[in-house]
Structure formats: C-alpha cells, structure tokens
Amino acid sequence: MSISNRPHTMIVGNLGYIGPVLASRLRQENIEAPLSGFDTGYFSGCLLDPLAPADQVLDRQIYRDVRSVRAEDLAGVDRVVYLAAISNDPMGNLYEQPTEEINSTAAAQFAQLARAAGARSFVYASSCSIYGAGGSDFKTEQSPINPLTAYARSKVSCEEALQRVAGPGFVVTCLRFATACGASPRLRLDLVLNDFVASAMLTGEIKILSDGAPWRPLIDVADMCRAISWGLERPDSNGGAFLAVNVGYNDQNYMIRDLAYAVQRELPQASVNINTDAPADKRSYRVDFSLYASLNDAAGIGKPLADTVRELVASMKAADFRIAAFRTSYLIRLQALSRLRQQDRLDSTLHWRR
C-alpha cells in the first residue's frame, strides 16, 4: 500500500474523453500522488488540437487492452477509476460482444485484481441510460431499469458483478452519469449537446432528427470528474461498501429541443430545424439526483448550461477546428474505430492486429 496521503490512482481508459480532464483534476488535488493510466489507445489520437500537449500529468502509462490486464499491473495501486468503454449506442450495436467484454467483464476483473492487490476503492463510470424508456417520470435508484441497448445492458451487468466484489476494505462506487457534455482535449462530437454546438458553429444549423420532445439529463465533464474524485474518497460509512448512485443535477434534465435553443442563444446565427413528423424516440428519461446530493456535501450546483456551451465554442475556436462534415471526422468515436478497422489495425472483436 502507498502512503495514505499519497494514494496511487489508476485511471483505466484515460485516453478518452473524460480521462484528460480527470487526470488534470487529480493532479491538482494532490501534486505528489502517483497517477497511472491504462488504455489500449483506440482514441489516443482523437485530440481536438493535435499540437496541444496532452497526458503530461501522468507518472506511468500502460498501453494494453483492458481484456488483457495482469495482476502485476495493479501492484501498489490504491484506487482505480474505470472509464474504459465502447461508449455509445451505435458502437455498441455494431460491436455487441466487445462492448460486454470491455464495459463489463474486464471492469469486474480489474476490480477483483485491484482488491487482491490491496486497493481500497474502485469507481466505475456507469450510466443513467440503464433506465431506458422512462417517459416523463423521474427515475431514482429504486426505479425499475429497462436497458434498451448493448451499451446500457453492459452497464447493468457490470454493476451486478461489482456488487459481488465490494466488501470490507474495498469500496465500490458505480456512478450512473447523466449524458456527458462539455470541453475536453479529446473532444467527442457524438454527444447531443456537443453535436449541437459543432453543428451551429460549422454548418449554421442545428438539425434535430426527432420531434425534440425526449428528455435527457446532462452533466458537464468537469462535474463528472468532481463526482469521481468524491467516489475515490468515499468511505463505506457513507452509502455502503457498494453504491450505485445517479450523478447529475435535478435542474439539468432537459428536452432535446430546449438544448438546441440554449445553443442558439449563444450562437444566434444558427437556425434550429426540428423534425416534427418524426416517430417518438423511446430513449427518453428524466432522473432524480437527490441521493447524490445528500451523500456528497461538495456536489454543489452543476455547471450552468450556457457556460458549458461557451467553453465548447471557445475550445473549438482555439483549436481552429473547421471540419464542416464533423460527423465523419475523427471526433466521432464510431468513425475513429471504423478507420482503424478499415486500415486492418483492429480485428472484428476490436483486438489490435500484431
């Protein structure tokens, strides 16, 4: 075990969207604490600004598929954050088996190895998407789950597996995040708010394929990292040795059309085009985050939506990102994977070809 005031934290899946923001936060919180990354590198090159320095705060980087983790990789690690995932529905639908293996099976194996190595906490990035077709009712942690996609099903199966690993001296926290948004060095433009901002900036139009009525809870990536930091420090006396908790803010449940108009307020030159004839989208849910607020005294208020939009705009302008056809660019995770497959660098199970 490391010295208690210098805990060694490993971020699994650190070379993705959340990882760089989280690593910077953890380094600021404890400048001397060891910080490691573990990532296979699918998206390591997906930098908004390829010339900007990234990942400079880490003490160690392991490049390996999470499905090939070894016991020695966790030696001396006190805390693990598991972010690694096939991270959205289009990818999950196309790669259903790797989604279950990476998002669930490998995460449970990491937890088992971490506990055996003497780690004391494990934080897993779960998702509110497990509630599925939720309608307008607010979903709490006691609400029935209804996962509609391979991605959501993988989160459910992993939570079940992690509950069996948690116990005395090993605290497991599953953070059921709202839909992510916000600026990051490895920006994703396949997230609803980020897509709307890019579309408004680069095409002058925000096109909504649905009728705009579905509900989504949102959370800025900076607030996600704040919650992860809390989870790493959470004692079992605050929620139990195993905790699955919705993470977001009650006032940040939005209708899709409201997000579009919020972006338009910051970028008034853009028009909003809603497909009023579209069939109803089943992926609609509102979430109650009261439990998180009651457990985390530092949860505070979420970053205002307008601030998130402004930061996205500023980051894209600073990087001089001008790809109007951004939905076919490297900032769309499915496109990044597809290019690796087309180049024959990944096989059909998303293992690297050697």
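In which helix do Asp307 and Arg310 lie, and how many residues apart are they? Select helix 9 (residues 305-318): both are there, 3 residues apart, about one turn of the helix. Helices here are DSSP runs of H or I with at least four residues, strands are runs of E with at least two, and both are numbered from the N terminus.

A quick note before moving on: this is a predicted model, where local features need pLDDT of at least 70 and side-chain atom pairs count only at pLDDT 80 or more, while totals for chains, interfaces and linings use all residues. Residues are numbered from 1 along each chain as its sequence is written, and side-chain values use heavy atoms, leaving out hydrogens and water.

Stay on Asp307: it forms a salt bridge with Arg310, with the closest N and O atoms 2.8 Å apart. A salt bridge means a side-chain nitrogen of Lys or Arg within 4 Å of a carboxyl oxygen of Asp or Glu.

Next, pick Arg176 and Glu159, whose side chains meet in a salt bridge of 2.7 Å, N to O. Arg176 lies in strand 7 (residues 171-177) and Glu159 in helix 4 (residues 150-165), so the pair ties together parts 17 residues apart in sequence. Both residues are buried (under 20% relative accessible area, 1.4 Å probe, protein chains only; exposed is over 50%, partly exposed in between).

Now go to Arg25 and Glu29, another salt bridge, at 2.9 Å between the closest N and O atoms. Arg25 is partly exposed at 28%, and Glu29 is partly exposed at 42%.

Last stop: select Asp65, Arg67 and Glu101, which are linked in a network of salt bridges.
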